[in-house]
Amino acid sequence: MICSIKQSVSSLQALTRSDFYQRKSPVKSLSLPSVVGGTSPVKPLHLAPVRGLGFGLIEDLRVRRPLIRCEAYEADRSEPVESDVVKGRSEAAKKVKIGLYFATWWALNVVFNIYNKKVLNAFPYPWLTSTLSLATGSLMMLISWATRIAETPKTDFAFWKTLFPVAVAHTIGHVAATVSMSKVAVSFTHIIKSGEPAFSVLVSRFLLGESFPTSVYFSLIPIIGGCALAAVTELNFNMIGFMGAMISNLAFVFRNIFSKRGMKGKSVSGMNYYACLSIMSLLILTPFAIAVEGPQMWAAGWQNAVSQIGPHFVWWVAAQSVFYHLYNQVSYMSLDEISPLTFSIGNTMKRISVIVSSIIIFHTPVQPINALGAAIAILGTFLYSQVFAHSLHELRMVYSELSEKINQYILIIRKIICL
């Protein structure tokens, strides 16, 4: 369907054709896209009032504006139909925004892991370190809400009730990962944590009863094999560090499951959601941290660390706490903008950047066979995300075809009833 509008004004007959072209004021006509075939219903288009007629035409010519402006509106919209140029610009702006999210996320995560390992080397108390990370993030968000820098979330008792199991799993995963990094190298912890997809599939299969295509199960082989190879060939292997990373994987899988089930329909932004999660996790973790380590051990360890490192140690603790909250906050904010698949790929690339940077900064000795195991595990994680996305795409195609057939049957039934 092609709609074109042409307007001639009798009051401007003295205006010659050559004078008109010298002023270079084009008469615009809006072409509306036609829909041929297809299964989706055609939405009627309505034309907005034509602007630029009458005496206003002289003013339009004087300032070199279009003679006539015609806009099309869909029946269920109050905005003009976007052109391909506008859509292209919005898509480009969105890609730039996502790229900035990823770059910020990776950079903050690398800085956090470096300072976190420095703190744990001088102050081997992971329970207090984890508590300080959550406390700093909670304080930052409370100040942001009080000063109206960030919008205060609208929550109720049901929100906090559904958040509680998510916070429990998040607390366990956070502490377990910190315990792991206090015992082994940062690179080894993240190699083991790259096996999280395997835990996700196994938990969903055996505890939740979900089924997956055979290709998804095959994609877990390089993940499990790579993690096992890296663990066996690790020079500074520690069982507590290994088990901490494994427990962290399992806890974060349950955190994701509880979050998906409990937060459906909740209108809380990613930034505020993680802030509420940090506050509740802090309340859960604090009594356990006091019971496991206690103020006496903390005071003695703090004095020892300050005497060895100096005032820089206080900066290390503050930096690791602030950067922990910031990188997690950015990751939750990015979930509002990207799909889970894109987030999964970004998470895989993040681990690569953390592993490489930590090996360089801390001069971690790595054997070739150990590096091979890490590469296989990370590659397996990437393949898993691709295979899983392909499986979801096939399911969507089947659902789309089924919906189309059902609609066709409904139309046939309606015709029969009308007859």
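This is a predicted model: local features need pLDDT of at least 70, side-chain atom pairs count only at pLDDT 80 or more; totals for chains, interfaces and linings use all residues.
The chain contains 14 helices and two strands. Of its 419 residues, 39% count as buried. Among contacts in the chain with a separation of 6 or more, 84% are accounted for by residues 24 or more positions apart.

Burial was examined for helix α6, which spans residues 186–193. Eight of the eight residues of α6 are buried, so this helix is largely enclosed by the rest of the structure. The buried residues are V186, S187, F188, T189, H190, I191, I192 and K193. One of them, T189, is touched by S180, a residue of helix α5. S180 has a relative accessibility of 0% and therefore counts as buried, the cut-off being under 20%. Besides T189, the residues touched by S180 include G241, G244 and A245, when residues up to four places away in sequence are not counted.

A further position in helix α5 is T171. With a relative accessible area of 6%, T171 is also buried. T171 touches S281, I284 and L285, residues up to four places away in sequence again being left out. The C-alpha atoms of T171 and L282 are separated by 7.9 Å, although these two residues lie 111 positions apart along the chain.

Two other pairs were examined for separation in sequence and in space. T155 is located in the loop between α4 and α5, and its relative accessibility of 31% places it in the partly exposed class. Between T155 and S267 the C-alpha to C-alpha distance is 9.1 Å, while the separation in sequence is 112 residues. K97 belongs to helix α3, which covers residues 84–122. This lysine is partly exposed, at 39% relative accessibility. K97 and E337 are 240 residues apart in sequence, and their C-alpha atoms are 8.8 Å apart in space.

Helix packing was considered for α11 and α12. Two packed helices are described by the angle between their axes and the distance between the axes. Helix α11 comprises residues 295–309 and helix α12 residues 312–335; their axes come within 8 Å and cross at roughly 115°. On the α11 side, the contact is made by W302, A305, V306 and I309. On the α12 side, the contributing residues are H312, F313, V314, W316 and V317. Classified by residue type, the contact of α11 with α12 consists of eight nonpolar residues and one polar residue, with no charged residues.

Backbone geometry was considered at two loop positions. Most residues other than glycine have a negative phi. R148, a residue other than glycine, has a positive phi near 60°. R148 is placed in the loop between α4, residues 126–146, and α5, residues 157–183. The relative accessible area of R148 is 72%, so this residue is exposed, the class for values over 50%. H363 is likewise not a glycine, and its phi is positive at about 55°. The position of H363 is in the loop between α13, residues 340–362, and α14, residues 368–418. H363 is exposed as well, with a relative accessible area of 66%.

Note on methods: Residues are numbered from 1 along each chain as its sequence is written. Side-chain values use heavy atoms; hydrogens and water are left out. Buried means under 20% relative accessible area, exposed over 50%, partly exposed in between (1.4 Å probe, protein chains only). Helices (H or I, at least four residues) and strands (E, at least two) are DSSP runs, numbered from the N terminus. Axes are lines fitted to C-alpha atoms, for helices over the stretch in contact, and angles run from 0 to 180 degrees between N-to-C directions. Contact means heavy atoms within 4.5 Å. Ala, Val, Leu, Ile, Met, Phe, Trp, Tyr, Cys and Pro count as nonpolar, Asp, Glu, Lys and Arg as charged, and the others, Gly among them, as polar.
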